[in-house]
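Please summarise the fold, surface and core of the protein shown below. Keep it brief.

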Amino acid sequence: MTENISYAVAFIAGLLTFFSPCLLPLIPSFIAYIAGVSLGDLKDSGKSGSIRGKTALHSLLFILGFSIVFILLGLTATFIGKTLYKYQAFIRIAGGLFIVLFGLYLTGLIKLDLLLKERRFQVPMKGASYAGSFIMGVTFAAAWTPCAGPILGSILVLAGTKANIAEGAKLLTIYSAGIGVPFFITGIAVNTFTRYFNRFKKTMSIINIVSGIFLVIVGLLVAAGYLSQVSERLMGLFVK
């Protein structure tokens, strides 16, 4: 049951990452770049049909690229946690407090200079290619933006509390799905996305606050060891 709630947390964290203010505005540019089309073509309703199939495959390869990086990070985090298994209680409490810290950062209540540094990597690519889309996904994960970093870091901390390495991989796979599913849907419906994005901009600042509150709650539950109890109660509600 604890795993079930952890998976739900990971998927929601992925969704919040996708809708974060520093990532969501870049989605059309990412899709245009990996598919080898212009932003003008993406906004042209007359060309949406011909572009949809092309962007779908490139989007899948892009998602595969960043998912592999995240899963490897999850394996590493869980391996370290398993190696230090006798310190699991300490790791759980310290990890929960770190998640709370990340949450407070997202709400804007505190500032962490380390997370304010954004790293960018330039990948020389000409035109669209399937290998290029995959490499771009890997680069995207490696050059993670600061406002998404706390969410990813929190999931890695959660993975570190797992004694089973496979569970860490599953956790990051589901986190990647939380980003990948809306990314893929946007890729095949990018014309609709660009049309309604301006309306959504007004609520984007709220996403960071919601994400921060979400992480604070999860962090407190992890630190206090109540995550399993919450899972049991939620499962009890569904069973009834």
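## Basis

This is a predicted model: local features need pLDDT of at least 70, side-chain atom pairs count only at pLDDT 80 or more, and totals for chains, interfaces and linings use all residues. Residues are numbered from 1 along each chain as its sequence is written, and side-chain values use heavy atoms, with hydrogens and water left out.

## Fold and surface

The protein has 11 helices and zero strands. Helices are DSSP runs of H or I with at least four residues; strands are runs of E with at least two; numbering starts at the N terminus. Contacts are heavy atoms within 4.5 Å. Of those between residues at least 6 apart in sequence, 81% join residues at least 24 apart.

The accessible surface is about 12,400 Å² (Shrake-Rupley, 1.4 Å probe). Carbon and sulfur atoms hold 69% of that surface. Buried residues are 45% of the 240. Buried means under 20% relative accessible area (1.4 Å probe, protein chains only).

## Helix α7

Helix α7 covers residues 149-160.

Nine of the 12 residues of α7 are buried, so the helix is largely enclosed by the rest of the structure. Among them are P150, I151, L152 and G153.

## Nonpolar core

A nonpolar core is a set of buried Ala, Val, Leu, Ile, Met, Phe, Trp, Tyr and Cys residues joined through side-chain atoms within 4.5 Å. The largest has 43 residues. Y175 and F183 touch the most other members.

Leaving aside residues up to four places away in sequence, F183 touches F18, I27, F30, I31, I34, S59, F62 and I63.

Notes. Buried means under 20% relative accessible area, exposed over 50%, partly exposed in between (1.4 Å probe, protein chains only). The expected span of a helix is 1.5 Å times one less than its number of residues.
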